[in-house]
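Take a look at the structure first.

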Amino acid sequence: MNITVAGTGYVGLVTGVCLAEVGHQVTCVDPSQEKIVLLNLGISPIYEPELDGLIEKNTNAGKLTFTTDYEQAYAQSDVIFIGVGTPENEDGSANLHYVFQVVKQIAESITRDCLIVIKSTVPIGTNDRLETYIKHHLKHKVAVEVASNPEFLAQGSAIKDTLYASRIVIGVESKRAKDILTSIYEPFKQPILTMNRRSAEMVKYASNDFLALKISFINDIANLCEVVGANIDDVTSGMSYDERIGKKFLNPGIGYGGSCFPKDTKALHWLAEEEGYVLRTVKAAIEVNEKQKFKLISKARTEFSSFHGLKVAVLGLTFKPGTDDLREAPSIPNVRLLLNEGAKVHVYDPVGAENFKKLFPTDVVYEKIPEKALEGADICFIFTEWEEIKAIDLTIIKEKMNEPFVFDGRNCFPLEEAREVGINYFSIGRPHVKGMRAGGRDGDGFLVS
Ligand code: UDX
């Protein structure tokens, strides 16, 4: 079976590489000459653990090829996976431009019966629309069908999430499509769930929106903990022993970012509204997240009347650790705000600095080590829980900064450590530690001597 994957972003490239890894013959297609040149050299255009090694291994084994020549690739395909982006339109709806562009090229190129598999996250009903569209644009008399096969990978663990997926969801309308996809996924040895296309499309949105909701819920509770004097660490620990709640996705912070949760919550909310239904829970998750992004700044405003002229160390830029991706990263609007208010911003991120430079080429200072960013700083904001940041010794912060004020959006440090070292430390959902103001009271109400 000849398999082609359209798109070499996170979803497309990881899908192609993993299909080759389990033994399939795969061609990955992308219009970007630059990306294809890199991939043919065995270099991944995205930062993802294990990906480079698997590209090299499967390319050398002759199981994986990369090309810009979509006509030839599609013409020889039995199955074409589509893993192109579906970014957010201004009104929150999903932009299907790339998906329709690719299926038009497919319709005009295929010369044999073909199954088109949609891995991109698309609104419910899109697979039906795509099938009609392809059939309308076919150049040759071939049988074509569309199947939905949503992707559940998370950045930073994309290879593991795909090779050892929690489940493989297949949305099909015929036995033939079901048989083809089942045989493709057979080597993965993971549970395969078969359903109709609309349900499969919905599984993806419902899963992502549920996780986003879980994060917004815990952020809401964390904010309340601060008001009522509880500690979110103890609260989540107490909750998580209930297996129905679980331990995962209960980390409070400065909101979810990335290429999926922000976009998929808005897209489903928009789609529901189009259908005359208000998805109240998802709407609330979006609202909480928007506000949460600026939680650290509001905390800092209680301590500083203005950021003008202050040196601000920003540690962590990416939307989460283990990726160089900055999409919807809370660091971006926060740095913009700090710059607008006249702060001198020094940033550190172990991987994301290059991408950040594309957004802020000259107005911030890029530091290669956190200590440099902290030197003489008045405020430190932490936006990503990189290991390199969690490993910073708080005594270094105390030594390097002026009176140290640390606003930690990812709860990287134990409160006891901050107390012992004696810094001003504000995190999410936990008591504030006021280390330096002698005579005052810390977050637990103890007198600071
Ligand atoms: C997510 C889903 O996890 C994945 O299944 C889906 O296919 C794509 O979207 P990803 O965006 O790569 O993956 O990252 P994820 O690890 O889920 O984190 C998303 C955001 O939520 C990050 O900004 C992260 O910091 C935040 N988050 C996550 C929290 O704030 N708290 C948590 O407990 C977990």
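I379 stands opposite F405 in β13. Residues are numbered from 1 along each chain as its sequence is written. This is a predicted model: local features need pLDDT of at least 70, side-chain atom pairs count only at pLDDT 80 or more, and totals for chains, interfaces and linings use all residues.

**The sheet**
- Strand β12 (residues 379–382) pairs with strand β13 (residues 405–408) in the parallel sense, over four bridges.
- Strands are DSSP runs of E, at least two residues, and helices are runs of H or I, at least four, numbered from the N terminus.
- Two strands pair if DSSP finds at least two bridges between them.
- The open sheet has six strands in the order β11-β10-β9-β12-β13-β14, with parallel pairing.
- Its edge strands, β11 (365–366) and β14 (424–426), each pair on one side only.

**The domains**
- The chain splits into domain 1 (2–196), domain 2 (204–288) and domain 3 (295–426), with bounds from an automatic or database domain assignment.
- The contact between domain 1 and domain 2 takes twelve residues from domain 1 and ten residues from domain 2.
- Residues are in contact if their C-beta atoms, placed from the backbone, lie within 7 Å.

**The ligand**
- Domain 1 and domain 2 both give residues to the shell around the ligand, so it lies between them.
- Of the 19 residues around the ligand, A154, N251, Y256, G258 and C260 come nearest.
- A residue counts as near if its C-beta atom, placed from the backbone, lies within 6 Å.
- Helix α9 (residues 197–228) gives the largest share of the shell, three residues.

Technical notes:
Two residues are in contact if their C-beta atoms, placed from the backbone, lie within 7 Å.
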